Amino acid sequence: MRIAPKAIQTFRDDFTYSNSPGAIARFPFPFPEDEYRYSVNIEPHLTPGPEGSVYEHLFDIDEHYLSEMAERNLVLQENPKRCLAMPHMDLACWDMIERVMVAFATDYPEYFALTREGNHWIWENKLLNQRDEFTFGDSSTLPLPPMEYIGRQVQGDFALLDQREGDLFMDAGIVTCPADWSLAFDAGMSFSEWHGPVPLAHEMGVFDRALKYLVAIPVGRPVRRLNWTLTINARMDTSPETYPAWGMDRASVTPDNVGEKVYLRVELQVLDRMPRSNALMFSIRTYLISMQDLVTRPDWAKRLHRVMKTLPPELVEYKGLSRFHPTLVQWLAQFDPAN
Amino acid sequence: MSHSMFEVRVAAIEEVAPMIREFCFEPVQGSLPSFSPGSHILVEMPARPRPYRNAYSLLSDPRDARHYRIAVRLQERSRGGSRFMHEQVQCGDNLRISAPANLFAPYWPAKKHLLIAGGVGITPFLSFLPEFVRRQQNFELHYLFRSQQTGAYRDSLRQGLGQALHLYDSSQGQRCDLHALLARQSPGTHVYICGPQSLIDTVTFLAQELGWPRSCVHFETFTAAQPGQAFSVELARSGQTLAVEPEESLLEALEGAGVDLPNLCRGGVCGQCVTRVLEGAVEHRDAFLSAEEKSRQDCIMPCVSRAQGHHLKLDL
């Protein structure tokens, strides 16, 4: 049984965001072992995946669709530079439009419809009450620039990476729910440049191996990986641009409020080759789950305790967990019989 | 990443120069994937005793993926892939090809694109040009050929490009002064070379002499594997020992034994199939490894390179 989009909840101020039992059941828990280690954990994103899972379709739509689109609108109103596309990325944006619309209309026909007659396209988004006619490839026929137009209709952050000289460059994107990184800051950077701040991994050669793999991804063979961090409150927009609004939250965690304050934040990252532009589409679909919801699964609670307890100090620091990490480990210990 | 191959039908074959045939492919079912300028496909030729898989640039307009077109030059000293295409493949035949991949994309932020083609090396540029025209890019095409053998598509290029096209027919003694050509370019120009290795070597040398940044020089060499001596290869992890025949590449021998290595170009360029060597001396024939990496003798590009002696041991 798939879960349907529900009424708008908030990711700020009063934080009304919540996960239904169905959303908890399908949460992509990211730890296959008791100890977290860096690895190039990339695997083919073969669709359809298991029915109802976050891996079923190329793009996952869930009960938070309307809430995330409303949140994206708020972020873009506050700061339009959270969406950008360099002029040479126009065709890549249209590749993304095609990929999203064709996938949505095929995978979620109850919500989306696409009619194509040559380059004359008609798009219906029933969830957002939107119907548009446009000429494929002609950005002047869209109501918004192509990246913003499609980005406002799909959950998750997106970057379009231009591929040249055997490297990838962050030349377009819409990033309104990042785990503390800035598209405006990373714009134009190469793969190793935008990963510059990541500790340990450069020395391990992780990025060299990953890049070699990524530049070879062929059309029609997307790959995926999971990444994770922890966020205080159900805040989607933890960006450097808005740091004053959320940085202090990390000091608000106490032994009594861990369950409701601390969220595991999981990113389902998909990399997909765009056919006309040869760009690589990097989608980052973010899932948030509170500790009190997470520990309803005893196996997850026990595993998370062990992962947190053994996390290298460099990663605790890099992921921004230093202020509340000991409190969290102590709280999680109650769910681990080994303690 | 191994390739998922799919079937296409040969819809037309045309002789576009004395030594060059163009093949037009149509889908057998569904539609062909869209592609980007500079893309190539692998074409599998069902030859005996073993199939060939060669890379060919797509030369059609990337905005029109109803057909794929490639051009194949008959190579006198090849292992037989181009000969197979010229002599065995008929209109209406089915062939298996890979989805397009791209190792030679235009650098779109360039202020100007300087294209230098030698002979059949014109093919990748044929997919650049329609997109350059649409995007109103500043470009020049310098096309060097021998009209007794190559020089395909001159008439349509003349019609489409006008002043941007410069032709040099060495059969008529016409030469391109590459030094002067590079010397008169302004900063921000990117040069792209596709053609024989000697042309690529000359242009990259001149560009370096003239102080061009390396990042502004792009080239593509698709030379399929060349034959060599037979040798044996031992796979350390599986314990298998394979024989590599003179007409067979190491990569093909590995694939024949069910060992799939990632590969894109099968021509010593993309670096995907690099494999660790545990024993034996390597005759390096690739353009990917640096001179220093080659001298270490601890890795090999199995798509083109071979054993210097009779034996190699690989970390596979």
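Helices here are DSSP runs of H or I, at least four residues long, numbered from the N terminus. With that in hand, take Ser82(B): this residue is in helix H1 of chain B, residues 81–87. One caution before going on: this is a predicted model.

Let me stay with Ser82(B). Is Ser82(B) buried or exposed? The cut-off for buried is 20 or more other C-beta atoms within 10 Å. Ser82(B) has 23 C-beta neighbours inside 10 Å, so it counts as buried. Leave out residues up to four places away in sequence, and Ser82(B) touches Val72(B), Arg73(B), Leu74(B) and Gln75(B). Now a distance. Ser82(B) and Ile193(B) are 111 residues apart in sequence, and their C-alpha atoms are 22 Å apart in space.

Ile193(B) comes up again in the nonpolar core. The largest one has 79 residues. Which of them touch the most other members? They are Ile70(B), Leu115(B), Ala117(B), Phe125(B) and Ile193(B). Look at Ala117(B). Beyond four places in sequence, Ala117(B) touches Ile122(B), Phe125(B), Leu141(B), Tyr143(B), Leu144(B), Cys194(B) and Gly195(B). Another core lies apart from that one, with 69 residues, including Ile97(A), Val253(A), Leu321(A) and Trp331(A). As background, nonpolar side chains tend to be buried together in soluble globular proteins.

Chain B as a whole, then. The secondary structure comes to seven helices and 19 strands. The radius of gyration of chain B is 20 Å, and the globule rule gives 20 Å for 316 residues, so chain B is as compact as a globular protein of that length. Along the principal axes, the C-alpha atoms fill a box of roughly 60 × 50 × 35 Å. In chain B, 42% of the 316 residues count as buried. Take the contacts in chain B with a separation of 6 or more: 68% of them come from residues 24 or more positions apart.

Next, a sheet in chain B. It is open, has five strands in the order E14-E13-E19-E15-E17, and its pairing is mixed. Which strands stand at the edges? Strand E14 (241–244) and strand E17 (299–300) of chain B do; each has a single partner strand, so one side of each has no neighbour in the sheet. Strand E13 of chain B, residues 231–235, runs antiparallel to E14(B), with four bridges between them. Within that pair, Ser232(B) stands opposite Ala243(B).

Gln297(B) is in the loop between helix H7 (291–296) and E17 of chain B. Its phi is near 60°, positive in a residue other than glycine. Gln297(B) has 14 other C-beta atoms within 10 Å, so it is partly exposed.

Over to chain A. Here there is an open sheet of seven strands, antiparallel, in the order E1-E8-E9-E10-E6-E7-E2.

E6(A) has five bridges to E10 of chain A, residues 280–290, running antiparallel; Ala159(A) has Phe282(A) as its bridge partner. With E7 of chain A, residues 167–174, E6(A) pairs over seven bridges, also antiparallel. Arg164(A) has Asp167(A) as its bridge partner. Two residues lie between the strands of this hairpin, and Glu165(A) takes a positive phi near 55°.

Two loops in chain A to finish the chain. Thr47(A) and Pro48(A) are joined by a cis peptide bond, omega about 0°. Pro48(A) lies in the loop between E1 and helix H2 (65–78) of chain A. Asp180(A) is in the loop between E7 and helix H5 (183–186) of chain A, with phi near 60°.

Last, the contact between the chains. How many residues does each chain give? Chain A gives 13 and chain B gives 19. The chain A side has four nonpolar, five polar and four charged residues.

Technical notes:
Residues are numbered from 1 along each chain as its sequence is written. Chains are lettered from A and ligands numbered from 1 in the order in which they are written. This is a predicted model: local features need pLDDT of at least 70, side-chain atom pairs count only at pLDDT 80 or more; totals for chains, interfaces and linings use all residues. Two residues are in contact if their C-beta atoms, placed from the backbone, lie within 7 Å. Ala, Val, Leu, Ile, Met, Phe, Trp, Tyr, Cys and Pro count as nonpolar, Asp, Glu, Lys and Arg as charged, and the others, Gly among them, as polar. Two strands pair if DSSP finds at least two bridges between them. A residue is buried if 20 or more other C-beta atoms lie within 10 Å of its own, exposed if 12 or fewer, and partly exposed in between; C-beta atoms are placed from the backbone. The radius of gyration is taken over C-alpha atoms; the globule rule is 2.2 Å times the number of residues to the power 0.38. A nonpolar core is a set of buried Ala, Val, Leu, Ile, Met, Phe, Trp, Tyr and Cys residues joined through C-beta atoms within 7 Å.
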